[in-house]
Amino acid sequence: MIKSAFQTIILAIGFASCADQPEYQPLASEKVLTRLIGEEKSKSFVFQLVKDNEKPEWFELNKEGNKIVVKGNSQIALCRGAYDYLKQECNSIISWSGKKVKIPEDPPEVKRKVETPFQFRYYFNVVTHGYTTAYWNWERWEQEIDWMAVHGINMPLIGGAHEAILARVFEDLGLNKQEIDQYFSGPAHFPWNRMGNLNGWDGALPTSYFDEQVKLTHQMLNRMRALGMSPIVHAFAGFVPKGIKRIYPDEEVRELGWGGGLPLEHNAFILSPNSPLFVELGKRYIQEWEKEFGAGEYYLADSFNEMDVPLAADPVEAQKELTGFGKSVYQSIKEANPEATWVMQGWTFPYHKDQDGNLFWTPERLGALVSEVPDDKLLILDLANEYNHVFWKIDPSWKMYEGFFGKKWIYSFIPNMGGKVPLNGILDVYATIPELALNYEKKKNLVGFGFAPEGIENNEIIYELLSDIGWRNSKIDLDVWIEKYSVQRYGKFPDQLKQAFNELNESCFGTFTDHPMHRYQFRPYKKPEGVEDHATVHRSEKFEEAVGTFLSCSDELGASEFFVFDAIELTVQYLGLVVDEKLLKFLDDEKNERPTELQEIMDILLVMDRLLATHPNHSLQRWVDFARNWGATSEEKDYYESNAKRLITTWGGDPVNDYSGRVWSGLIRDYYVPRWINYHSDQGTDKKQSMRDWEEKWITTPGMSTVEAYDDPLDIAYKMYAEYKKTK
């Protein structure tokens with residue numbers, strides 16, 4: 001059926017084709033809905049795709065008979081429209097920890113049109129593909145793409161088989177296998193390899209890896225493109241293996257330094273901005289990528305993420321070199337695909353300081369870097385607006401850099417560092433400050449909104465909130481939103497739950513800590529004199545009250561699995577604070593001659609571990625299983641497991657050791673607990689080195705212990721909370 005005014009194509013779920021008509025092919029958006037809520041429930045919806053590409057994306061909801069008609073001008077708008085109805089009218093939710101979908105026989109009435117003010121709704125961080133997705137298979141990626149679709153996301157940043165394609169380019173250049181192996185890191189550390197922070201760390205890769213990477217990327221891109229998404233993939237940013245000097249002995253190659261603490265032999269190298277080889281390799285990379293996957297639209301290249309820029313000493317010459325770097329990156333993309341857009345991350349601009357502690361990326365320097373790139377061919381990801389607003393307390397980057405000089409830019413947040421689990425972040429900031437950018441008269445070419453967490457599958461309330469912001473042009477009333485969210489997630493919003501959320505918003509969801517970590521997750525010795533030895537997870541009486549108030553809703557909400565999951569998270573966080581306090585007292589005893597007391601503290605951790613065994617996301621076993629499934633042989637499986645374990649523990653040694661800070665079942669009982677016990681029972685002269693040896697042995701030894709989840713985790717959570725609340 002076609003309406004001439006809009007050239008509307010009406011396609012209904014469950015449409016029965018006539019014998020004289022071709023077999024009906026469902027829309028990609030219809031398939032998303034069917035996968036998520038099942039074929040029977042999806043029959044309640046009729047999708048109408050409107051070819052209206054000149055307008056911002058929109059969806060319209062109406063009830064006709066007993067069907068909900070979802071009109072929209074993109075596949076993602078249709079997905080978002082259906083989910084908006086499920087959320088608002090049916091009090092349903094689809095999250096990483098599960099879903100609750102209920103549609104009455106007679107679906108509720110609706111008449112609503114929603115238009116997003118943003119051309120793009122952006123998602124992911126480069127390092128999410130280390131801290132979370134490094135070893136995902138297609139089944140898990142399919143689930144995530146479906147999650148993205150219903151949450152209205154149309155611009156994900158993905159790895160895009162960067163390593164497989166770059167290896168082909170290096171091989172064609174004449175680099176040998178050893179030189180290529182020395183360049184690539186282990187898969188969990190790819191993000192930092194891609195950004196030039198390191199070379200070769202925890203490699204070399206199994207020979208089968210690249211083929212599997214290419215296969216998975218085809219599956220991901222095919223699905224994303226079918227849904228009309230515009231994925232961002234990696235380009236060539238100038239980083240090369242050290243061995244390139246063998247082939248090009250006269251080429252100027254500059255060594256980079258990163259503060260990750262890795263041995264110097266893992267430093268990366270970048271070509272000179274004046275090098276014709278820089279542009280040539282960049283062009284060849286994109287040509288090879290597009291030969292494998294088809295034309296790309298958006299290519300990410302960051303040459304100096306969190307790094308000192310190797311520039312000439314003369315300020316005038318340095319400015320010219322910055323212009324040269326920007327010109328070389330863009331030129332390499334343009335020569336391969338004139339229609340493509342260069343994408344760069346904006347995190348490092350307000351973050352990176354020079355040796356004197358001053359902001360390195362002044363407006364003059366950043367302006368020089370992008371000056372030779374056409375405004376419509378550069379997209380800046382302004383990643384960390386909550387950091388400017390809350391943590392650094394400086395002007396937002398979009399003000400500091402004059403609306404990013406007329407280039408396209410996306411407003412975004414980084415709600416998580418390293419995949420850390422503790423509840424954290426000021427919900428009201430997320431709900432309100434994006435409106436400031438939308439209304440800024442000098443915002444120039446603001447084209448999108450998004451969120452760029454370093455790790456996901458945590459703090460689910462934040463991501464539900466942020467995905468809603470992407471489809472509105474005004475701030476959100478947090479109290480109203482939380483009431484609706486609670487009904488969607490738990491089924492009810494009793495007065496006690498309202499009080500609990502008020503207390504949470506005055507405690508863990510009313511404060512922002514960039515790296516919330518428990519003391520028990522740090523190495524088990526007292527810090528040197530003058531160095532603070534405390535946890536960074538929010539601690540307050542108000543949080544303690546919030547946990548108790550939330551648990552008091554158990555009689556009314558205990559049948560909700562989401563309530564159980566969230567009660568476990570809150571209780572484990574509270575017990576972790578109890579453990580932290582006890583450990584600090586233990587460490588203050590200079591003789592440390594209280595092994596019985598230490599074991600009592602460790603017993604609390606073991607209860608926490610067993611509580612988390614009920615949670616669908618916070619599991620070391622799940623992480624290890626994803627990694628091992630990438631291997632074709634037992635040797636490959638063991639390598640991938642060790643690489644995955646390394647990222648979430650020692651990472652690369654000081655100072656990034658323990659950076660990821662996961663509060664996971666399996667990691668607590670197998671890593672944190674025995675590390676404390678072994679260290680304090682060690683009678684050797686170099687206990688710290690023995691501990692590091694123990695850490696490395698744990699990483700490289702396959703397997704882990706098992707534990708049974710509690711039959712009634714909610715009861716255990718309540719009893720543990722009551723016990724330690726009473727003893728305070």
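**Ground rules.** The model is predicted, so I take local features at pLDDT of at least 70 and side-chain atom pairs at pLDDT 80 or more, while totals for chains, interfaces and linings use all residues. Residues are numbered from 1 along each chain as its sequence is written, and side-chain values use heavy atoms, without hydrogens and water.

I looked up the largest pocket and noted a volume of about 880 Å³. A pocket here is an open set of points on a 1 Å grid over the protein atoms alone, where a 1.4 Å probe fits, with protein on both sides within 12 Å along at least five of seven lines. Grid points are joined across faces, edges and corners, and the volume is the space filled by probe spheres set on the points. Which residues lie nearest the centre of the largest pocket? I wrote down Tyr 351, His 515, Pro 655, Val 656 and Tyr 659, from a lining of 36 residues. Lining residues have an atom within 4 Å of a point. By class, I find 20 nonpolar, eight polar and eight charged residues in this lining. Ala, Val, Leu, Ile, Met, Phe, Trp, Tyr, Cys and Pro count as nonpolar, Asp, Glu, Lys and Arg as charged, and the others, Gly among them, as polar.

**Sheet.** Next I followed an open sheet of three strands, in the order E11-E13-E12, with antiparallel pairing. Strands E11 (239–240) and E12 (253–255) stand at the edges with a single partner strand each, so one side of each has no neighbour in the sheet. Strands are DSSP runs (E, at least two residues) and helices likewise (H or I, at least four), numbered from the N terminus. Pairing requires at least two DSSP bridges between two strands. E11 and E13 (residues 269–271) are joined antiparallel over two bridges. I noted Phe 269 in E13 as the bridge partner of Val 240.

**Salt bridges.** How many salt bridges does the structure hold? I have 48 on record, each a side-chain nitrogen of Lys or Arg within 4 Å of a carboxyl oxygen of Asp or Glu.

I checked Arg 519 with Asp 533: N to O is 2.4 Å. Both lie in the loop between helix H21 (495–505) and helix H22 (541–551), so the pair ties together parts 14 residues apart in sequence. Arg 519 counts as buried at 0% relative accessibility, and Asp 533 counts as buried at 17%. Buried means under 20% relative accessible area, exposed over 50%, partly exposed in between (1.4 Å probe, protein chains only).

Asp 609 and Arg 669 come next, with the closest N and O atoms 2.7 Å apart. Asp 609 and Arg 669 are both buried.

Then I looked at Asp 658 with Arg 675, at 3.2 Å, N to O. Asp 658 is in the loop between helix H27 (634–647) and H28, Arg 675 in H28, 17 residues apart. Asp 658 is buried at 3%, as is Arg 675 at 1%. Shared partners join Arg 523, Asp 654, Asp 658, Arg 675, Arg 692 and Glu 695 into one salt-bridge network.

**Cysteines.** I searched the whole structure for disulfides (cysteine sulfur atoms within 2.5 Å) and found zero. For Cys 508, the nearest cysteine sulfur is that of Cys 553, 15 Å away. Cys 508 is buried at 0% relative accessibility, and Cys 553 is buried at 3%.
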